[in-house]
Amino acid sequence: MAVLSQRGASALWVSLLTAASTVTTLALGCATPFPSLAALAAVHMRRRDGILLMLLAWVASQFVGFFLLGYPRDGSTLAWGVGLGTAAVGSALASHAALQALPYRSVAARLGLAYAAGFSAFKAIILVWALFLGGLHTAMAPDLLAEQFVRNGAILIGLYALYRALVAIGVPAPPKAAAA
């Protein structure tokens, strides 16, 4: 098997994680694990690749929602779609920023920090959208927040296990950003 260039390895991982996200989205009825993806990308990918991953995962989730799950095509649903896209990108940016601010060495600490930052940013952006679009009581309900935090954390563990397994069988790791 030919060695992939850095660009090829980046594209491969963005594609693999987008596919994994799409499977998760289908399995969970359009609940894409954006904070989980953001954390994994922050630890193992360059920031621009992480943002690209979030955008492609968002496009895939919108496709699943609107074309496979029959989401209504009204103004509110479309606006919430845009809100999810901005929250996904914000999650990736926050995850990367947290790792730059606190450069832990252990993978577990880096994943935990990136996940906490990504989840917090994602929910904060959703909160802002909920203030304008409605649904604040649902978006910020403590029991739903806890459920989402745990579910996304479990998905992060699964995605990390998938990442490790693929690297172990020879899939080249994606290039990382240069150390700050």
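**View 1. Ring pairs join W13, Y160 and Y163 into a cluster.** Rings of Phe, Tyr and Trp (its six-membered ring) pair if their centres lie within 6.5 Å. The model is predicted: local features need pLDDT of at least 70, side-chain atom pairs count only at pLDDT 80 or more, and totals for chains, interfaces and linings use all residues. Residues are numbered from 1 along each chain as its sequence is written, and side-chain values use heavy atoms, with hydrogens and water left out. Searching the whole structure gives eight aromatic pairs.

**View 2. F63 and F67 form a tilted aromatic pair.** The ring centres are 5.2 Å apart, with 35° between the planes. Planes under 30 degrees apart count as stacked, over 60 as edge-to-face and the rest as tilted. Both residues lie in helix α3 (residues 47-68). They are four residues apart, about one turn of the helix. Helices here are DSSP runs (H or I, at least four residues), numbered from the N terminus. F63 is partly exposed, with a relative accessible area of 44%. F67 is exposed, at 54%. Buried means under 20% relative accessible area, exposed over 50%, and partly exposed in between (1.4 Å probe, protein chains only).

**View 3. Helix α2 (residues 34-44) crosses helix α7 (residues 142-168) at roughly 40°.** Their axes come within 8 Å. Axes are lines fitted to C-alpha atoms, for helices over the stretch in contact, and angles run from 0 to 180 degrees between N-to-C directions. The two helices are therefore oblique to each other. Angles under 35 degrees count as roughly parallel, over 145 as roughly antiparallel, 65 to 115 as roughly perpendicular and the rest as oblique. α2 passes α7 in a right-handed crossing. A crossing is right-handed if the near helix is turned clockwise from the far one by less than a right angle, and left-handed if anticlockwise. From α2, the contact uses F34, P35, S36, L37, A39, L40 and H44. From α7 come N152, G153, I155, L156, L159, Y160 and Y163. Contact means heavy atoms within 4.5 Å. By class, the contact of α2 with α7 has 10 nonpolar, four polar and no charged residues. Ala, Val, Leu, Ile, Met, Phe, Trp, Tyr, Cys and Pro count as nonpolar, Asp, Glu, Lys and Arg as charged, and the others, Gly among them, as polar.

**View 4. α2 and α3 pack at an angle of about 155°.** Their axes are 9 Å apart. That angle makes α2 roughly antiparallel to α3. The crossing is right-handed. F34, L37, A38 and A41 of α2 meet G50, L53, M54, A57, W58 and S61 of α3. This contact has eight nonpolar, two polar and no charged residues.

**View 5. Helix α1 (residues 6-27) and α3 cross at roughly 35°.** Their axes come within 9 Å, and the crossing is right-handed. On the α1 side are S10, V14, L17, T18, S21, T22, T25 and L26. On the α3 side are D49, L52, L53, L56, A57, A60, S61, V64 and L68. The contact of α1 with α3 divides into 10 nonpolar, six polar and one charged.

**View 6. H96 sits in helix α4 (residues 75-101).** H96 is buried, with a relative accessible area of 10%. Leaving aside residues up to four places away in sequence, H96 touches A41, A42, M45, R46 and R47. P175 is 79 residues from H96 along the chain. The C-alpha atoms of H96 and P175 are separated by 14 Å.
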